[in-house]
Amino acid sequence: AGTVVLAATPIGNVGDASPRLVALLERADIVAAEDTRRLYDLANRLGVRVGGKVVAYHDHNERGKADGLLDDAERGATVLVVSDAGMPTINDPGLAIVRRAIERGIPVTCAPGPSAVLDALALSGLPTDRFCYEGFLPRRHAERIRYLRTMLSEPRTIVWYETLHRIDESMADILEVFGSERLMAMARELTKDHEQVRRGTIAQIRQSVLDDPPRGEIVLVVAGASGDETRAAGAAMEVGTVLGPEAL
Ligand code: SAM
């Protein structure tokens, strides 16, 4: 039988593509891609010729497409699953085919690589021994406030994805529910030329969003409710080094 391979793709810096990803793009019989244009764009930037058949595999068709792809795998095909960026299944398509592969007894493996969750967590300076990834914050204010209240006594470091056009409202709500003193980090444009991590208290980061609205893709990391080291009254906000175009 063939195999299903989930492969992580770069979240900004094309240099993060692993040799294994490159080999899989060249050799897989079928490439199931969240967005086929983005896949060809990545392949072009890597100087890779995609060898196999390319099919669209996204949030809206993944349940329907999974079994057909697995039929191909059962007949011996290597089916590569990639999303637009980062690790498939992490707020991206992929889970449906993993589940069905497990149910059908078809081998599934992973070619790991970049994912914004771990990148932001590691750079946050906050405890990494225990953390929870909570995906995107709810879109609507009332729902977001309700949800944030349920997270108030979460002891682990919390990681959220957020989009640019909601960062202002979300930071206001985080301040309202969590208060001003807890430590947090806002990581944006990870691995890209304008990578930046702002670290400080919730109040400081909220103010920095007003003073200097961030651009690009954003991950928020907030300290858990576990202890003194996650509160820092009076500490200065710190803005991490911006990578710059020459950076590796
Ligand atoms: N599967 C991806 C992963 O493993 O990170 C996540 C896909 S999710 C649809 C997209 C969100 O991930 C963005 O809105 C942002 O919150 C986060 N993200 C992805 N790339 C990022 C980057 N280079 N810098 C900061 N955040 C990023």
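User: What makes two residues count as being in contact?

Analyst: Their C-beta atoms, placed from the backbone, must lie within 7 Å. By that test, E62, R63, A66, D67, L69 and L70 in α3 meet A96, I97, R100, A101 and R104 in α4. Helices here are DSSP runs (H or I, at least four residues), and strands are E runs of at least two, numbered from the N terminus. Keep in mind that this is a predicted model, where local features need pLDDT of at least 70, side-chain atom pairs count only at pLDDT 80 or more, and totals for chains, interfaces and linings use all residues. Residues are numbered from 1 along each chain as its sequence is written.

User: Why is α3 called oblique to α4?

Analyst: Good one! The axes, lines fitted to C-alpha atoms over the stretch in contact, cross at roughly 45 degrees, with angles running from 0 to 180 degrees between N-to-C directions. Under 35 degrees is roughly parallel, over 145 roughly antiparallel, 65 to 115 roughly perpendicular and the rest oblique, so α3 is oblique to α4.

User: And what makes α7 roughly antiparallel to α8?

Analyst: Helix α7 (residues 167–178) and helix α8 (residues 202–211) pack at about 160 degrees. That angle is over 145, so α7 is roughly antiparallel to α8. Their axes are 10 Å apart.

User: Which residues of α7 and α8 meet?

Analyst: I167, D168, M171, A172, I174, L175 and F178 in α7 meet I202, A203, I205, R206 and V209 in α8.
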